[in-house]
Amino acid sequence: MALAELGAVVLDCPDPRALAGFYAEVLGGTVESGEGGGQDADWVDLTVPGGRSLAFQAAPGHVPPRWPAPEGSQQFHLDLTVDDLDAAEKGVLALGARPLDAEDRSRNWRVYADPAGHPFCLCAC
């Protein structure tokens, strides 16, 4: 028997509304301001299709993880399942993502950083 269930994945970032907007464009869903309200919210929720949630929390002085960083942790990353890697790559790059490990076109996954520097993978798995 589980002791808890997953509520949301929370990403620290310098601008919660902007990063929620990035992931809303990538995943779809509805962005809602939380704590602080309005454009300057310290907490923003994104409810994606299917009812799952991502939350974005203001973190002054946020330092993004580095990829790869054998001397440090990447903290976490998201695996985003896609049908067409090339089309998804084009879309996330247009939204402000940057490639971290996307040169090997023989693999069924590629690694990017979101606009706040969090790593995520596009996976045609």
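Of the 125 residues of the protein chain, 33% count as buried, where buried means under 20% relative accessible area, exposed means over 50%, and partly exposed lies in between (1.4 Å probe, protein chains only). The model is predicted: local features need pLDDT of at least 70, side-chain atom pairs count only at pLDDT 80 or more, and totals for chains, interfaces and linings use all residues. Residues are numbered from 1 along each chain as its sequence is written, and side-chain values use heavy atoms, with hydrogens and water left out. The accessible surface of the protein chain comes to about 7400 Å², and 51% of this surface belongs to carbon and sulfur atoms. Such areas come from the Shrake-Rupley method with a 1.4 Å probe; for residues, only the protein chains shown count as cover.

The secondary structure comes to two helices and eight strands. Helices (H or I, at least four residues) and strands (E, at least two) are DSSP runs, numbered from the N terminus. From that terminus on, the elements run β-α-β-β-β-β-α-β-β-β. Contacts are heavy atoms within 4.5 Å. Among contacts between residues at least 6 apart in sequence, 50% join residues at least 24 apart.

Four strands form an open sheet with the order 1-4-3-2 and mixed pairing. Its edge strands are strand 1 (9–13) and strand 2, each of which pairs on one side only. From one strand to the next, the twist averages 20°. Axes are lines fitted to C-alpha atoms, for helices over the stretch in contact, and angles run from 0 to 180 degrees between N-to-C directions. Strands of a sheet pair through backbone hydrogen bonds, either parallel or antiparallel. Two strands are taken to pair if DSSP finds at least two bridges between them.

Strand 1 and strand 4 pair in the parallel sense over five bridges. Within strand 4, alanine 55 stands opposite valine 10. Helix 1 packs on the sheet, where it touches strand 1, strand 2, strand 3 and strand 4, and the direction of helix 1 makes about 160° with that of strand 4.

The pairing of strand 3 (residues 43–47) with strand 4 (residues 53–58) is antiparallel, over five bridges. Aspartate 45 has alanine 55 of strand 4 as its bridge partner. These two strands form a hairpin with five residues between them, and glycine 50 in the turn has a positive phi of about 95°. Strand 2 (residues 30–33) also pairs with strand 3 in the antiparallel sense, over four bridges. Here leucine 46 of strand 3 is the bridge partner of valine 31. Val44 and Leu46 make up the covered face of strand 3, while Trp43, Asp45 and Thr47 make up the uncovered one.

Helix 1 (residues 16–27) has twelve residues and should span 16 Å at 1.5 Å a residue; its end C-alpha atoms are 16 Å apart, which agrees. The expected span is 1.5 Å times one less than the number of residues. Buried residues of helix 1 are Pro16, Leu19, Ala20, Phe22, Tyr23 and Ala24. Just after this helix, glycine 28 takes a positive phi of about 80°.

The structure holds four salt bridges, each defined as a side-chain nitrogen of Lys or Arg within 4 Å of a carboxyl oxygen of Asp or Glu. One of them joins arginine 110 and aspartate 86, with the closest N and O atoms 3.0 Å apart. This pair links distant parts of the chain, as arginine 110 is in strand 7 (residues 109–113) and aspartate 86 is in helix 2, 24 residues apart. Arginine 110 is buried, with a relative accessible area of 3%, whereas aspartate 86 is partly exposed at 47%.

The side chains of arginine 105 and glutamate 89 also meet in a salt bridge (2.8 Å, N to O). Here too distant parts are linked: arginine 105 is in the loop between strand 6 (98–101) and strand 7, and glutamate 89 is in helix 2, 16 residues apart. Arginine 105 is partly exposed at 45% relative accessibility, and glutamate 89 is buried, with a relative accessible area of 11%. Salt bridges that share partners join Asp86, Glu89, Arg105 and Arg110 into one network.

Valine 82 is found in the loop between strand 5 (78–81) and helix 2 (85–94). With a relative accessible area of 17%, valine 82 is buried. Not counting residues up to four places away in sequence, valine 82 touches Ala88, Leu122, Cys123 and Ala124.
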